[in-house]
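Thanks for making the time this morning.

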Amino acid sequence: MNFSDLGISPEILEAIEVLGFEAPSPIQERAIPPALGGEDVLGLSYTGSGKTLAFSIPALEALDPGERTVQALCLCPTRELAVQICREVEKLALFMEGVSAVPIYGGASFRPQLDALKRGAQFVVGTPGRVMDLMEQGALSFAALRTLILDEADEMLDMGFLEDIERIADALPARKQTLFFSATMSPGIRRLVGRFSKNPVEVSIERPALTVPTVEQTAYEVVFSSRLEVLCRLMETGKVRKGLIFANTKRVVDDIVDGLTARGYAADRLHGDMPQMLRERVMESFRRGSLRALVATDIAARGLDVDDVDCVVNYELPRDPEDYVHRIGRTARAGRAGRAVSFVGRRDFSLLGRIERFIGMKMNREAVMSAGRVEQMRREALMDEVLELARGDAGLPQEMQELGLPAERLAAAMFELLTRRSAREIQPIPEDRPSLLAAHGEGKGFGARGDASWKHLQDTATLFMNAGRQLGIRPRDIAGLLYNEGGAPEGSVGDIRMFPRHTLIEVDPSVAGQLRERLATARLCGYEVNIREDQGRPQGGSFRRGGGFRPRRGERDSFPRGERPHTPPRRKRF
Ligand code: AMP
């Protein structure tokens, strides 16, 4: 079948030709004709199936280029995806005069996005939080909307965007076409589809089979802020000898490499945009064994070919289960044994479930190694080496004999010296504190308690802060505030989960009161923030809370840092 058989207009066909696509992919072949016929569509297809064209083409065909109002809205889970979809839409609209698309996402200045809207962009691609903000501020009008697209709907629900999506969809004109796309089907998506579309044509595309390598796979439940230390412990105790470490963004890759290097490990990075020469050099060092850890994103690791990686570490779980399979396939090569370990934070549970469903198996759950255990393993390794040497005929060197001390005292002093010299300082993490580790002991694995109670910090208190990612605050800024201003003792701060407009912080219950008191009103990165007790998850399954710093229209960019007025938190939407 050709694109011209699908009923697409000559302008878009010409653009497809420029893009160089020869034939429609299965999802395009099956979703485009009903969508062009005006029907709602529910497309179940995986990333990489060509779904962007499948929804962009019908949405572009439906809009009137002469009308400079928003006529197509595509909601998607991340900023990267929004930008990527926009690029594709613009390429498809190359020969449609006067059509433009704008990405709308949080964590960036409002101004350029508002300007693009003012210039009359007809196609808006955005993340639900920011789209809702602009809509509620009156900066985004959907009165003339013709097409609503939900891309990666499952991902958006996992990320807690349900409430925002519903608020947006409720505000749209009743007469519109809805195109839903999701990699998986769930009751949540069914409900959403049932509520916002009319008898959609269902198109389901099976993913080509992927072989899941037979690698020992372990999931560690790791507090967000403990990840680097846990990685170091794995390296320290020989669980990772030559490790390929995966993260989802370049920034996290850099953080890991900087952290490992600062702690004395030979580590380097692979970025997707590194010049080929440099990539080759880094890969060669890793192959030769001069590097113990190579840290990369999925894209950067493409084409990486190293046979003796003994462990793949998913420092962050990949968003796409297929990437997980590609990642773990980098170990256990050429007949060697290999392992894969994944760090799983509390917000990653649904993602872990999705990956496990995709690979058709459950990973082993293991508890993070405690500082005491690391210490013990180190001593055991040292004793093994001593034993090995003692079997030979090594005598006491002359200089030591001249000290005239009993051999036992000398041996004790040497052991102490070796321990000090060879050991990296172990950083305390919440997992080390028995009061925080609640129900499970080392080695028992969380599986014993079942996933439903996979909440290792049973004994923690959760604090709520009315500021989140949108202000550009990072977890380490918050940790600094808690330790420095709040006087939290070392290791008493656990998982810091940032949302666009609020943050949930797990702390040792013994310091929760002190932190609430001292930080009821505090300054953080130039903003006035409030920390208070978390009231718990909203009923009804939505992760989102109200509250948070929500400046009024135009206010956000007009206050210099440090002079921002305090906006009282909005009422929680429970
Ligand atoms: P998507 O699933 O929309 O993210 O698309 C995955 C990749 O396939 C993108 O790089 C598209 O540019 C490309 N693509 C989409 N449709 C086609 C097609 N019909 N033929 C070849 N490549 C395509």
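Which strands does helix α20 lie across, and at about what angle does the helix run to β15? Bearing in mind that this is a predicted model, helix α20, residues 509-518, lies across β15, β17 and β20, and its direction is at about 25 degrees to that of β15.

Let me turn to the sheet itself, which is open and has four strands in the order β16-β17-β15-β20, paired in antiparallel fashion. At its edges are β16, residues 493-498, and β20, residues 531-533, each of which pairs on one side only, and from one strand to the next the twist averages 25 degrees. Helix α19, residues 475-485, also packs on this sheet, where it touches β15, β16, β17 and β20, and its direction makes about 140 degrees with that of β16. Within the sheet, β15 (residues 461-465) and β17 (residues 503-507) run antiparallel and are joined by five bridges, with Leu463 standing opposite Ile505 in β17.

My other example is a pair of helices, α6 (residues 128-136) and α8 (residues 162-170), which pack with their axes 9 Å apart and at an angle of about 40 degrees. The two helices α6 and α8 are therefore oblique to each other, and their crossing is left-handed. On the α6 side the contact is made by Pro128, Gly129, Val131, Met132, Met135 and Glu136, and on the α8 side by Asp164, Ile165, Arg167 and Ile168.

Conventions. Residues numbered from 1 in each chain as written. Predicted model: local features only at pLDDT ≥ 70, side-chain atom pairs only at ≥ 80, totals over all residues. Heavy atoms only, no water. Pairing = 2+ DSSP bridges. Axes fitted to C-alpha atoms, helices over the stretch in contact; angles between N-to-C directions. Contact = heavy atoms within 4.5 Å. Parallel < 35°, antiparallel > 145°, perpendicular 65-115°, else oblique. Left-handed = near helix turned anticlockwise from the far one by under 90°.
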